[in-house]
Amino acid sequence: MQNIVILAGTIRQAPETRTTRSGTDITRFKLVTARPRYSEGRVVRDEKGYRVEDAEWHRVVAYNGLGRTIQQYCESGTKVLVRGRIHYTKWQDAEGQDRYGCEIVAETVDFLSRAPQSETDDEDEGRFIDEDDIPS
């Protein structure tokens, strides 16, 4: 028996990190995935001929170092590949009603798009190698 999820999508809400009293960092973000809509075995197209896609929203949580890395390098619009597991929760609201939730617990996250460049980054840094730095 295995609980494995692999999602490739776009972060659509800037990651938010909080720290528990015990010192665990918890980072949460919303990921959107899309797939073509099918009808009678064929891809549905709009009036301009473009594929119609259905979006799915996923709540993703990452802990400690992985979460801190996501917080540092990801923002809304970053494309990522998340590998993890589905986690279901149940709780009671203020009125005593049972509530249910589902989230993806990330175990690895691969960045599929570049991290945003900060304004302090030197544009030429990393492009050229000083010949004096090349060993003989």
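## Salt bridges across the strands

Counting side-chain pairs in this predicted model, with a Lys or Arg nitrogen within 4 Å of a carboxyl oxygen of Asp or Glu, gives 10 salt bridges. Let's walk through a few of them.

Take Arg-35 and Asp-54: these two form a salt bridge, with their closest N and O atoms 3.9 Å apart. Arg-35 sits in strand 3 (residues 25-36) and Asp-54 in strand 6 (residues 53-63), so this contact ties together parts that are 19 residues apart in sequence. Arg-35 itself is partly exposed, at 43% relative accessibility.

Next up are Asp-110 and Arg-83, whose side chains meet in a salt bridge at 2.6 Å, N to O. Here distant parts of the chain get linked: Asp-110 belongs to strand 8 (residues 98-111) and Arg-83 to strand 7 (residues 79-92), 27 residues apart.

Arg-85 and Glu-107 make a salt bridge too, at 3.9 Å from N to O. This pair also links distant parts of the chain, with Arg-85 in strand 7 and Glu-107 in strand 8, 22 residues apart.

How open are the side chains in these last two pairs? Here are the values:

| Residue | Relative accessible area | Class |
|---|---|---|
| Asp-110 | 31% | partly exposed |
| Arg-83 | 34% | partly exposed |
| Arg-85 | 32% | partly exposed |
| Glu-107 | 51% | exposed |

Glu-107 counts as exposed because its 51% is over the 50% cut-off.

And back to Arg-35: together with Arg-37, Asp-54 and Glu-56, Arg-35 is part of one network, joined by salt bridges that share partners.

Key. Residues numbered from 1 in each chain as written. Predicted model: local features only at pLDDT ≥ 70, side-chain atom pairs only at ≥ 80, totals over all residues. Heavy atoms only, no water. Helix = DSSP H or I, 4+ residues; strand = E, 2+ residues; numbered from the N terminus. Buried < 20%, exposed > 50% of the residue type's maximum accessible area, 1.4 Å probe, protein only.
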